[in-house]
Each structure stands twice: as structure tokens, then as C-alpha cells.
Amino acid sequence: MSRYRPPGAPKGAYITKQGADKLLAELKYLWKEKRPEVTQTVSDAAKLGDRSENAEYIYGKKQLREIDRRVRYLEKRLDQCTVVDRLPIDRSVVFFGAWVTLEDDDGNQERFRIVGPDEIDHEEDYISMDSPVAKALLKRSEGDEVVLKRAGGEKTYYIDQIEYVEY
């Protein structure tokens with residue numbers, strides 16, 4: 001059996017200022033606080049003797065590998081991303097960073113913010129710019145009709161409001 005994994009789909013290379021700050025904070029925490037703490041634990045466990053049967057040592061080494069993997073990913077991802085820290089000139093059109101309020105035929109409203117793929121786990125109402133919903137909304141204006149394919153079939157929405165947050 002091969003360990004080869006095909007590369008994933010390329011992610012969007014944009015991130016909001018707030019998202020970049022969160023990733024930088026995570027990187028700083030892992031590198032400056034968590035890793036030294038786990039390294040000390042592994043060092044203390046190694047001094048106890050037989051490492052092959054020492055659960056603290058084995059688990060600590062596993063934690064270090066996971067931390068190092070995440071640190072490498074964050075450093076690489078932050079280098080690849082472009083931080084979007086200014087508002088678009090035309091704020092009546094949906095672009096990256098926009099809060100979009102959609103309304104269906106029944107008057108039900110949904111509100112989303114279009115952000116980079118690295119930010120969607122931070123907030124419930126954030127959607128990735130790479131998602132089908134965001135792709136359908138980008139470059140649309142208030143009042144435009146948008147047909148979205150959902151699990152229950154196609155549904156028509158109207159763009160009710162577009163807002164941008166000052167950076």
C-alpha cells in the first residue's frame with residue numbers, strides 16, 4: 001500500500017487582517033510557549049530511563065511532531081497568503097471580505113462573510129472564498145438574483161445587503 005496522497009485543490013491565497021493576526025498568534029503560541037513546554041516534558045521523561053516503555057516520552061515525541069508539522073504549515077501558509085487590509089473602491093459589489101445578506105422567496109435571511117479558507121473555522125458565519133456559495137456571490141451587486149445549489153436542490157436568493165468592515 002502506498003502512502004502517496006494526491007495534492008489537494010489549491011486554496012485561495014487571500015486572508016483578512018484579522019485572520020492573519022489569529023494565525024500569527026497561533027504560530028507564536030506554538031513556537032514560544034507550547035513547544036518549549038512539551039520539549040521539557042520529553043526531556044524529563046527521557047531522564048527516567050527506558051524510553052521504549054515510557055508513555056510520557058512516546059506521547060511527548062508525538063506531540064512535538066504534531067506541533068512542528070503545524071508550525072511548518074502556518075509559516076508556509078502565511079508566506080503564501082496576501083493580507084487584504086483595505087476596502088474595495090466599489091462597495092456595492094461583492095468582493096473578498098464582504099458581509100452578504102441573502103433573502104429567499106419566503107423572506108428568510110442568511111448572512112455570510114466571504115473570507116480565506118484558513119479563516120472559516122474561527123467563525124460560524126464565515127464562508128471560504130473557494131466555496132460554491134462564495135463563487136456564486138462574487139462580483140454580484142445588491143438586488144441581484146443568485147441561484148444556489150443546496151442539498152435540497154436549487155434555491156433562488158436575492159442579495160439584500162452588502163457590507164464591508166473597516167480594517
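**The sheet and its core**

Modeller: Start with a hairpin: β6 and β7 form one, with two residues between them. Helices (H or I, at least four residues) and strands (E, at least two) are DSSP runs, numbered from the N terminus. Residues are numbered from 1 along each chain as its sequence is written, and side-chain values use heavy atoms, without hydrogens and water. This is a predicted model: local features need pLDDT of at least 70, side-chain atom pairs count only at pLDDT 80 or more, and totals for chains, interfaces and linings use all residues.

Now the pairing. Two strands pair if DSSP finds at least two bridges between them. Strand β6 (residues 145-150) and β7 run antiparallel, joined by six bridges. Within that pair, E145 stands opposite Y158 of β7. Strand β7 (residues 153-163) also runs antiparallel to β3 (residues 99-104), again with six bridges. There, T101 has Q161 in β7 as its bridge partner.

Step back to the whole sheet. It is open and has five strands, in the order β5-β4-β3-β7-β6, with mixed pairing. The edges are β5 (126-128) and β6; each has a single partner strand, so one side of each is left without a neighbour in the sheet. On average, neighbouring strands are turned by 45° against each other, direction ignored. That angle is taken between axes, which are lines fitted to C-alpha atoms, for helices over the stretch in contact; angles run from 0 to 180 degrees between N-to-C directions.

Next, the core. A nonpolar core is a set of buried Ala, Val, Leu, Ile, Met, Phe, Trp, Tyr and Cys residues joined through side-chain atoms within 4.5 Å. Buried means under 20% relative accessible area, exposed over 50%, partly exposed in between (1.4 Å probe, protein chains only). The largest such core has 21 residues, and V100, L102, I114, L148 and I159 are among those with the most contacts inside it. Two or more residues come from each of β3, β4 (109-115), α3 (132-137), β6 and β7. Helix α3 gives the largest share, four residues.
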